[in-house]
Amino acid sequence: MITVRRSEERGHADHGWLNAFHTFSFARYYDPNHMGFRALRVMNEDRIAAGKGFGTHPHDNMEIVTYVLDGALEHRDSMGNGEVLGAGEFQRMSAGTGITHSEFNPSRESQTHLYQIWLHPKVQGIEPSYEQKKFEPAGRRNQFQLVASPDAEQGALRIHQDVRIYLADLFSERSLDYQIQTGRHVWIQVLRGQIILEALSGSAEVVKLSQGDAAALSQPEGLQSEAGKIRTLRLRSDSSAELMLFDLA
């Protein structure tokens, strides 16, 4: 029931100024077996050298979420936004009918480490929009912190797709449970550290995930056997870890 995507199996591109790992097919990396998961289309882990970045380029009909783990990212777009994202900040950009933007590491000394995530929107051709927010670290200590959702509840960023994105910091010898509803699908991405993931069902599965690893799980409709239902995910760490969880239609 647990499908694992190991860090070392990802596509890799080292451009000198950009060291990128692609969980799904992207740019020159193509793997027909890894084209996305549900609405999730791109999961890129990027490290951008000091003073370097992406020049102005276009997007349309995509929900783009950026999370800066370390360093900073300077963003400018055709909607008139010009912001710098610091470590721990999220950005949501709905490309909709079309936008152009650029992204640069403004530091002269330090690299920027980030994740950029693309999701197919529920409806195409919407008006482009932009949001940026830093969430309090206390809100994710050994718990799931909602950072993006369709209804923007709990102060989350608004995303135009039936998906909820959570962030969690898991500390040593603590466990965290997540209930998967019938017909929903979950993607877990380990950002830092290591976690032990257990799918609680009639025949429980346990896997260990390290930094850069991911796992996909589904709770299908109409299962005849109760033993086949996952129901609950249990996450724990022997040390500490940071992870992102996507709950998708």
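The legends below describe close-up views of a predicted model of one protein chain.

Figure 1. The protein chain has 21 strands and zero helices. Along its principal axes, the C-alpha trace spans about 50 × 40 × 35 Å. A compact globule with 249 residues would have a radius of gyration near 18 Å, and the value for this chain, 18 Å, agrees with that. Of the 249 residues, 51% count as buried.

**Figure 2. The largest nonpolar core.** This core holds 27 residues, and the members that touch the most others are Ile 165, Trp 187 and Phe 246. Two or more residues of the core come from each of the strands β4 (40-48), β6 (63-70), β11 (112-119), β13 (145-149), β15 (163-171), β17 (185-200), β19 (214-218) and β21 (240-248). In soluble globular proteins, nonpolar side chains tend to be buried together.

**Figure 3. The second core.** A separate core of 25 residues includes Phe 144, Leu 217, Leu 235 and Leu 243.

**Figure 4. The largest pocket and its lining.** The space in the largest pocket comes to about 330 Å³. Its lining is made of 19 residues, and those nearest the centre of the pocket are Leu 18, His 22, Phe 26, Ala 27 and Phe 54. The strands β2 (11-14), β3 (18-22), β4, β5 (53-59) and β11 each give at least two residues to this lining. By type, the lining residues are nine nonpolar, seven polar and three charged.

**Figure 5. Ala 27, a loop residue with positive phi.** Ala 27 sits in the loop between β3 and β4. Its phi is near 55°, a positive value in a residue other than glycine. Most residues other than glycine have a negative phi. Is Ala 27 buried or exposed? Ala 27 counts as exposed because its relative accessibility is 71%, and the cut-off for exposed is over 50%. Ala 27 is also one of the residues nearest the centre of the largest pocket.

**Figure 6. Glu 173, another loop residue with positive phi.** The loop between β15 and β16 (175-179) contains Glu 173. Phi of Glu 173 is near 60°, again a positive value in a residue other than glycine. Glu 173 has a relative accessible area of 75% and is therefore exposed.

Figure 7. A salt bridge joins the side chains of Asp 70 and Arg 192, at 3.1 Å from N to O. Asp 70 is in strand β6 and Arg 192 in strand β17, so this pair links distant parts of the chain, 122 residues apart. Asp 70 is partly exposed, with a relative accessible area of 35%. Arg 192 is partly exposed as well, with a relative accessible area of 28%. Arg 192 also forms a salt bridge with Glu 242, where the closest N and O atoms are 2.9 Å apart. Glu 242 lies in strand β21, 50 residues from Arg 192 in the chain. With a relative accessible area of 6%, Glu 242 is buried.

**Figure 8. The salt bridge between Arg 234 and Asp 177.** The side chains of these residues meet in a salt bridge of 2.8 Å, N to O. Arg 234 belongs to strand β20 (residues 232-236) and Asp 177 to strand β16, so the pair ties together parts that are 57 residues apart in sequence. Arg 234 is partly exposed, with a relative accessible area of 29%. Asp 177, at 36% relative accessibility, also counts as partly exposed.

**Figure 9. Pro 137 and Leu 119.** Pro 137 is placed in the loop between β12 (129-134) and β13. Its relative accessible area is 32%, so Pro 137 is partly exposed. How far apart are Pro 137 and Leu 119 in space, C-alpha to C-alpha? The two residues are 25 Å apart in space and 18 residues apart in sequence.

Key: Residues numbered from 1 in each chain as written. Predicted model: local features only at pLDDT ≥ 70, side-chain atom pairs only at ≥ 80, totals over all residues. Heavy atoms only, no water. Core = buried A, V, L, I, M, F, W, Y, C linked by side-chain atoms within 4.5 Å. Buried < 20%, exposed > 50% of the residue type's maximum accessible area, 1.4 Å probe, protein only. Helix = DSSP H or I, 4+ residues; strand = E, 2+ residues; numbered from the N terminus. 1 Å grid on protein atoms, 1.4 Å probe; cavity = no way out; pocket = protein on both sides within 12 Å on 5 of 7 lines; lining within 4 Å. Points joined across faces, edges and corners; volume = space filled by probe spheres on them. Nonpolar A, V, L, I, M, F, W, Y, C, P; charged D, E, K, R; others polar. Salt bridge = Lys/Arg side-chain N within 4 Å of Asp/Glu carboxyl O. Rg over C-alpha atoms; globule rule 2.2 N^0.38 Å.
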